[in-house]
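Subject: Structure handover

Hello,

Please find the structure below. My notes on helix packing, sheets and salt bridges follow it.

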Amino acid sequence: MKSLLIIFLALGCLVSNTLGQAPSPSGHPGILLFQQGKFAEAARLFEIASKSTQYKNDAEIWSYMGLAYLSLGDTKKSVKTLEKSVALNGSDADFRANLAYAHLMNGDAKKAREQANKALDIDGKNATAFQVRATVNLWERKLEEAGRDADAFISLDPKNARGYILKSNVLMAHPTSNSVPGKQPPHEASLLKDAVDVLESGRLKAVESPALKELERELENLTAFSIPSPRIASRSTDTTAVGPGPTITPFRILNKPAAQYSTAARNAGVEGSISVKLILASDGTVSRVLFLSRLGYGLEENVLDAARRIKFEPKRIDGKPVSAVVRLEYKFSIY
C-alpha cells in the first residue's frame, strides 16, 4: 500500500487543505481527479465506489474519500470516513495518521494525539504522525516534546516546508511562561534568530514543496522583527553640541478589537492567552504580526484578524510618522 501523506497547511488553524499522496495501485478514476485537485468530483466518485461490491470494503478508497472531504473543508465528514478506513484496516499507519490529522483539523486534540501515537506504534517513521503530535504538543504548550516531534518530522520529510514552519512556530512559542523550573528561559532575540535559521534551511531544502511560498512569507515576517529598529540618536555627550533632541510622540492605540473565541476552542474548554508582537507601520496599518505563544483550535487566525483591525495613531519623530513595535496579549476565557 503506497502512502497517503497529508501536506499540513496550517498550525492550529482551520484553513483550506491541499493533500498529496503517492499513486495508488487500485487505479480508481477518483484518485486521478484527487491528484489533480478536483476534490469535489473525486469525492462523488468515491461515494459511488464505497457503495459498490468492488470497493465497499476497500480501506484505501475510504481513506481517499476522507482526504477529499478534508480538502473541501468538511472535517466532520472527513473524520467519519477516515474512521471507516481505519476500521477496515487498522494496521496501516498512514490511514491512522490521516485520521489523526482530520481529528486535529476538527479541533479534537485528544483523539488526534491518540491516533498519531497508534500510527507511530505501527510505523515509528511516519512523518505525518510526528507532524500531528508536534502540533498537539505546541497547542498544549509542551514545547520540548513539540520540538522533538518537529525535528523528527523534518528528518523524515526534509523536502516538506511544513516541518520547518512548524519548528519555527515551536521556537517562537512564549519563552517565559513555558520555561522549565530551574532553567533560564532563552532570550527572545536568540529564539528569533534560531527560528529564522530554521526557515532559511527550509528554503534551501524544500524548494519543490507546495508550502514553499508560505515558508518564505513566514521567513519575511520573522526577518522584519529580527532587524533592529533604527535607534533614535540620543543627545550628544559632546559639550559643543547645541540644540534640542528630536521631538518624539508615542503611538496611540485608538481601538483594539477583541479576538473571537473559536467554536473548536470553546468545545475543547481551552483557556489561556496568546502573546503577539506587532509592527505598527507609519501608514497607520498593522504590517506584521509575530506570535510569541499559541493555543491552537483556530484561535491564532482570530487573533490575526483582530490584530489587523487595530486602529492607531503612528509614532512620530519631529512630526514625521514612523513605525513602532508593540507587544499585546489576547486572553481567552470560557466564563
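The crossing of α5 and α6 is left-handed, meaning that the near helix is turned anticlockwise from the far one by less than a right angle (clockwise would be right-handed). Before the rest, the conventions. This is a predicted model, in which local features need pLDDT of at least 70 and side-chain atom pairs count only at pLDDT 80 or more, while totals for chains, interfaces and linings use all residues. Residues are numbered from 1 along each chain as its sequence is written, and side-chain values use heavy atoms, with hydrogens and water left out. Helices (H or I, at least four residues) and strands (E, at least two) are DSSP runs, numbered from the N terminus.

Helix packing

Two packed helices are described by the angle between their axes and the distance between the axes. Axes here are lines fitted to C-alpha atoms, for helices over the stretch in contact, and angles run from 0 to 180 degrees between N-to-C directions.

The axes of α5 and α6 come within 8 Å and cross at roughly 165°. The two helices α5 and α6 are therefore roughly antiparallel (angles under 35 degrees count as roughly parallel, over 145 as roughly antiparallel, 65 to 115 as roughly perpendicular and the rest as oblique). On the α5 side, the residues that meet α6 are Ala93, Arg96, Ala97, Leu99, Ala100, His103 and Leu104. Their counterparts in α6 are Lys111, Ala112, Gln115, Ala116, Lys118, Ala119 and Ile122. Contact means heavy atoms within 4.5 Å. By class, the contact of α5 with α6 holds nine nonpolar, two polar and three charged residues; Ala, Val, Leu, Ile, Met, Phe, Trp, Tyr, Cys and Pro count as nonpolar, Asp, Glu, Lys and Arg as charged, and the others, Gly among them, as polar.

Helix α5 (residues 93-105) also packs with helix α7 (residues 127-139): their axes come within 8 Å and cross at roughly 30°. α5 and α7 are therefore roughly parallel to each other, and their crossing is left-handed. α5 contributes Ala97, Ala100, Tyr101 and Leu104, and α7 contributes Thr128, Ala129, Val132, Thr135, Val136 and Trp139. The contact of α5 with α7 has eight nonpolar residues, two polar and no charged ones.

Further along, helix α9 (residues 161-171) packs with α11 at an angle of about 25°, with the axes 8 Å apart. That makes α9 roughly parallel to α11, and α9 passes α11 in a left-handed crossing. Ala161, Arg162, Tyr164, Ile165, Ser168 and Asn169 of α9 meet Leu212, Glu214, Leu215 and Glu218 of α11. The contact of α9 with α11 divides into five nonpolar, two polar and three charged residues.

Sheets

Strands of a sheet pair through backbone hydrogen bonds, either parallel or antiparallel. Two strands are taken as paired if DSSP finds at least two bridges between them.

Strand β3 (residues 272-280) pairs with β4 over five bridges, and Val276 has Phe291 in β4 as its bridge partner.

β1 and strand β6 (residues 315-317) pair over two bridges, with Thr249 opposite Arg316 in β6.

Salt bridges

With a salt bridge taken as a side-chain nitrogen of Lys or Arg within 4 Å of a carboxyl oxygen of Asp or Glu, the count comes to 13. One of them joins Glu114 and Lys118, at 3.9 Å from N to O. Glu114 and Lys118 are four residues apart in helix α6 (residues 109-122), which means that about one helical turn separates them.

Regards
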